[in-house]
Amino acid sequence: MRKLVLVRHGQSVWNLENKFTGWTDVELSSKGIEEAISAGRTLKEKGYHFDVAYTSVLKRANDTLDYILKEMGEDIPIHYSYKLNERHYGALQGLNKDETRAKYGEEQVHLWRRSATVRPPELTEDDPRYPGKDPKYKDLTKEELPLTENLIDTVKRVIEYWNSDIKKDLEEGKDVIIVAHGNSLRGLIKYLDQLSDEEVMNLEIATGTPICYELDENLKPMKHYEV
């Protein structure tokens, strides 16, 4: 049996302000820091140990992982990849969700947020929010830099990274922790649990709450539960 633990980062300052965040690199809120520390304490108390960690290149996930590992007393290799980033919300990034609902309607915003196939409005490449303007992404090709994404776009890059990197550690019997984002983890869970596009629309992942997947030798889920 292999153990895979998934953690959505602790509450960010834009979660607190009810804004679409996406690839915007925001800090954890004070509550988010507490959630991350609590997650690490819980994992330690319940006897978890990890051999390797994976996370996105966004600070809120990186800091959550750091707090967890510090609380656990773990010093393990950490791998960073933009493929674990949050879904890119295009021109919605930075907008207040309630104000966006008032402007476009509840149903449209629900589709932008939850649909597997509907993309939010695109950014333009001259927009300051365009990821090509961020030095973190200087090595990515134009095709790898999104103007917007739906969940299926996010699933595609997450599963590419699963197959190219994460999977081999699990196949070698290593226990793995992934600290990422609501939609990148929804994408991975969609893949692991073979959820339909409709089922994944209702999947909610709480901030700072570890979820453990027990996988068989073929990396098929046997069960999963909140730690």
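Helix 5 (106-114) and helix 7 each bring at least two residues to the lining of the second largest pocket. Helices here (H or I, at least four residues) and strands (E, at least two) are DSSP runs, numbered from the N terminus. Keep in mind that this is a predicted model: local features need pLDDT of at least 70, side-chain atom pairs count only at pLDDT 80 or more, and totals for chains, interfaces and linings use all residues. Residues are numbered from 1 along each chain as its sequence is written, and side-chain values use heavy atoms, with hydrogens and water left out.

**The two pockets**

So what counts as a pocket? On a 1 Å grid over the protein atoms alone, a pocket is an open set of points where a 1.4 Å probe fits, with protein on both sides within 12 Å along at least five of seven lines; lining residues have an atom within 4 Å of a point. Grid points are joined across faces, edges and corners, and a volume is the space filled by probe spheres set on the points. For the lining, Ala, Val, Leu, Ile, Met, Phe, Trp, Tyr, Cys and Pro count as nonpolar, Asp, Glu, Lys and Arg as charged, and the others, Gly among them, as polar.

| Pocket | Volume | Lining residues | Lining make-up |
|---|---|---|---|
| Largest pocket | about 420 Å³ | 19 residues | six nonpolar, one polar, twelve charged |
| Second largest pocket | about 320 Å³ | 20 residues | four nonpolar, seven polar, nine charged |

In the largest pocket, Glu143, Glu144, Pro146, Glu149 and Asp153 lie nearest the centre. For the second largest pocket, the residues nearest the centre are Arg8, Glu86, Tyr89, Lys97 and Arg113.

**A look at helix 7**

Helix 7 covers residues 182-193, and its twelve residues should span 16 Å at 1.5 Å a residue; the end C-alpha atoms are 16 Å apart, so the two agree. The expected span is 1.5 Å times one less than the number of residues. Ten of the twelve residues are buried, where buried means under 20% relative accessible area, exposed over 50%, and partly exposed in between (1.4 Å probe, protein chains only). Among the buried ones are Arg186, Leu188 and Lys190. Just after helix 7, glutamine 194 takes a positive phi of about 55 degrees.

**Strand 2 and its partners**

Strand 2 (residues 52-55) is covered on both faces: Val52 and Tyr54 are buried on one side, and Ala53 and Thr55 on the other. Strand 2 pairs with strand 4 (residues 176-180) in the parallel sense over four bridges; two strands pair if DSSP finds at least two bridges between them. Threonine 55 has valine 179 of strand 4 as its bridge partner. Strand 2 also runs parallel to strand 3 (residues 78-80), joined by three bridges, and there tyrosine 54 partners histidine 79.

**Two loop residues with positive phi**

Most residues other than glycine have a negative phi. Asparagine 18 has a positive phi near 60 degrees and sits in the loop between helix 1 (13-16) and helix 2 (30-45). At 23% relative accessibility, asparagine 18 counts as partly exposed. Leucine 219, with a positive phi of about 65 degrees, is in the loop between strand 5 (211-215) and strand 6 (221-226). Leucine 219 counts as buried because its relative accessibility is 8%.
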